[in-house]
Amino acid sequence: MSEKNPQSIVILHNPDGTENPYVSKPEEKHPRKPVQGETVFLKALTFPRGRVHHLAVELWDESENEREVLPASRMSAEETEDRWVAALPEVGGGKQYRYRFIANPASSRVFSEEFSFEVYQKVPVQRLLAVEHEESLVLWYQTAHPDLHPRLELFAREDGGLGCEWTFSSSPPEKLRRSEQTTADSYQLPGYQLQISQESGLLTLIPLGQDLKLEEAALPVLICDREGEVQHFRQTFFSPDREAFYGFGERYNTLDQRGNLLDTIVYNQWQNQGKRTYFPVPYFLSSRDYSFFLENNGNTLFDLCSSMEDRWSYQVEMDGREAFGFILWPDPDPAERIRRFTDQVGKPVLPPTWAFGLWMSSNCWNSQQRVQEEVQKSLRYEIPASVVVLEAWSDETTIFQWYDAEYPLRDPGEHLRCEDYHFPADGRWPDPKGMVEELNELGMELVLWQVPVIKSLHEEHMHYGPQPQHKANWEYLIEKQYCLFHESGEPYRIPDQNWFARSLMPDFTHPDAARWWMEKRRYLVEDIGVAGFKTDGGEQAVLSSLVSHSGIQGAALRNLYPIDYLETFANFLKATRGNDWVLFSRAGFTGAQRFSCHWAGDQDSTWDTIRECLYAGLSAGMAGVSFWGWDIGGFSDELPTAELYLRSAAVAAFCPLMQFHSIISLDLTQEEKAQLSFDRSPWNVQECSGNPEVVPAFRRLVNVRMNLFPYLLSEAAQSAETGIPLMRSAAVFTPDDLVARQYPFQYYLGGDLLVAPVVEEGAAEWRVWLPEGMWIDFWTREEVPGGQEISRPVPLEEIPVYIRKGAILPLNLADSLEIGDPVGQAHRGYQRLCFQIYPQQEGILNFHHREKTYHFSYHSLEAEGKLHLAMDVFSEPVHLLLPCSGVNYLEEGNGRRLAELDPGGLFSGEETGWCWDQERSLLIIRVFPDGNPGEFLIHGYCP
């Protein structure tokens, strides 16, 4: 990229840099792939500093002989180099240019090597050329390019959606060519009316039975190379003022994306993600009662009324393809639209029961002794946990062998089992299998960190000394072509300034490579008892020159790499552990929820983090990512304050997954790391903050989660079946309530809980918007009418949570029947399975429990002062709890009076009966599996 010379002047220019989509290096061309009408900037560095007084660019069109010399301007003088930039005059579309840099052109000139670039040309669609209408509607268009006739086929789908497919490789049959007309045409497809203006050729999509028109605002624009191959395609639609756009995968910047430009590039952004994301999805929900899914695995740029305030557009990077499609799903119910989307791309995999407990993790837990100490602290503080995640467990080189484990050097094609390893008694991990057995006895599972790289052999990356086995594995992967390669045939090494720079990446589309990779890890699962993996990374396939074994390349390879990675691990775990496994992943793309749970990635400990992670989780949910969590209070930099930590923990208690995690600060010396503690465990935050309320408040929040376990598991099973997220934005899922949009952090957890996170420092009270209907305060049981904003006190151990009036809420309660009282590890069994009922006129519950579905219903006979209850009978005792001010007696469905029980003996004996707790104004019905019909009539019921 540079040319040396006798004067020791070096000109450095790298036209594409590292292909970082967001960062242009000071020696790059910008833009990397210019389009007609864009200004091109050529940047370069010269060394040593001060030796080059003038720099110029010699530019010429390859089809012409004339050359032009353009001056470059010095941008800055750095410590070792000077930085220059030259702005080119307008360059013509469809042309190829060559250029080189000249240092000191007026004296002893020094030349760089020659470079070239192509300028893509804009090819607008000029008019509608032909229409074919049979079972589908086919439109042919004429463009400014004589050999390019885009074809759009529209067809009604069985799921009620409208399918649309663009192709660019054929011309219309001569018989379909038509003369100019001035009247508008209208066509019918099942469920849709399609209008085409014969004057402009613009298309309007009208779903029948809805007050919706999706109108093209301009004819499409194609961006082509010199040969006429389509590189980009843009289509634009009108957008009314109040239209909101939600989704697009995991997005940290806001909930409603109107006014933004968003791409769909899988990207590893360390903290402060903004519009960048590990997990993009080209799918959104509109507040106008439709959703839009672009079937594109590469990059798509969505302009959501950013360039023009009254229109939105998508622009697809074609990456050599000749076709792409999109699906429109119109429906006033956002849940139904998400259900159809996940029917298309895949439902979320349901995690095992234990995954819904507390996850404990820290990058500081780097020995068996430390893990055992921290687990004992959780027991001592009576904080029930179900998962321990270890990141610092491996040799940090092979990432499948324990640190300081001893083993024989083997042929890379062979795979070791646990008995092949020796774990030194004085090492960090003297008995991993025994440690897992101890955890299992305590009701905890072990999850190990992974990353899809073969780590660089460069000595600066070998933190724990040379690894002969690793070197052999490295060479074996290249020999067998089990890693990613460039089109040139060179093995791909992750570029500098990326995580795990210079490392190889396994190619999971190669069946033998995927098998080899997982066989290395088989002993961890089958011999040691590991229950899952934290499948970190996967964003590092960053160069457009890569090609996989399956032929995927470019941006599609970059985006699909996490999918292939997760699918490989998921298939292995299914084969070895059935359904009792979990993956916990950061990166993803369309459909990743089929294989893995996800977390929000790398976050610092700030109040912004709470807000950004809530945006991320709610946005991801709209793309079908139901089982999602984040690191309580952030995981890096300074420890969170006690207030920030507990506010975060309160949110996490009402999230699909609940985890604390931390990393050792990268900016500290080894001495400082040894002296400081970075754990986000509640006991460490309490000790470091000096606030004695941290552990008790955290313990109560975890106990509340254990109380909610039956509800969480039932709603999770329903979410896995339907694709409707467990965590649902109130702004989106209350579509007729425009005020709800002003409260973007509020969400529903399942169908019956409304959660209002506290996301500001120092809040003693919090404003909550209650949608229409009646609501029950989760903590106080106070009934509050909806359709209004209320202000509620918010002690540190609580956030506002409300139960929908009419709900039947499954709970796991202690004998006290109080929320927050301990019930142990709920995934190991319930202390008291209870159903809190808040009757309205009628209600139903389909309760998913132990792979069965139980049905509940009630019906109020208000005029007669009666309430009718019906339920499937369980194989275990359950308790029905109904707030009321009085009751006369109860009958079973067969007319037999139900026994009235002594409140003091409510949990003794084995008969079905009832009592009224006057002090708490609570009717309690104890139901035993004793042959009762599961049907009750409450007489004299007074709500």
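1. This is a predicted model. C305 is a buried residue, its relative accessible area being 8%. The closest cysteine sulfur to that of C305 belongs to C164 and lies 19 Å away, too far for a bond. C597 is also buried, at 1% relative accessible area. For C597 the closest cysteine sulfur is that of C655, at 13 Å, again too far for a bond. The number of disulfides in the structure is zero.

2. R926 sits in strand β55, which runs over residues 922-927. The R926 side chain does reach backbone oxygens: that of L906 at 2.6 Å and that of E911 at 2.9 Å. Leaving aside residues up to four places away in sequence, the contacts of R926 include V878, H879, L901, F907 and T912.

3. Salt bridges number 53 in the model. Side chains of opposite charge can pair when their charged atoms come close. One of these pairs is R67 with E58, with closest N and O atoms 3.7 Å apart. R67 is partly exposed at 40% relative accessibility, whereas E58 is buried at 11%.

4. R410 and D420 form a salt bridge with an N to O distance of 3.6 Å. Both R410 and D420 lie in the loop between β29 (387-390) and α3 (432-441), so the pair ties together parts that are 10 residues apart in sequence. R410 is partly exposed, with 29% relative accessibility, and D420 is partly exposed as well, with 23%.

5. In the salt bridge between D496 and R502, the closest N and O atoms are 3.2 Å apart. D496 has a relative accessible area of 40% and is partly exposed; R502, at 30%, is also partly exposed.

6. Which residues are linked in a network of salt bridges? The network consists of D331, E336, R339, R340, D343 and K347.

7. Helix α8 covers residues 607-622, 16 residues in total. From first C-alpha to last, α8 reaches 24 Å, close to the expected 22 Å. Of the 16 residues in α8, 15 are buried, so the helix is largely enclosed by the rest of the structure. G624 follows α8 and has a positive phi, near 90°.

Key: Residues numbered from 1 in each chain as written. Predicted model: local features only at pLDDT ≥ 70, side-chain atom pairs only at ≥ 80, totals over all residues. Heavy atoms only, no water. Helix = DSSP H or I, 4+ residues; strand = E, 2+ residues; numbered from the N terminus. Polar contact = N/O pair within 3.5 Å; in protein donor to acceptor, adjacent residues only side chain to side chain. Contact = heavy atoms within 4.5 Å. Expected span 1.5 Å × (residues − 1). Buried < 20%, exposed > 50% of the residue type's maximum accessible area, 1.4 Å probe, protein only. Disulfide = S-S within 2.5 Å. Salt bridge = Lys/Arg side-chain N within 4 Å of Asp/Glu carboxyl O.
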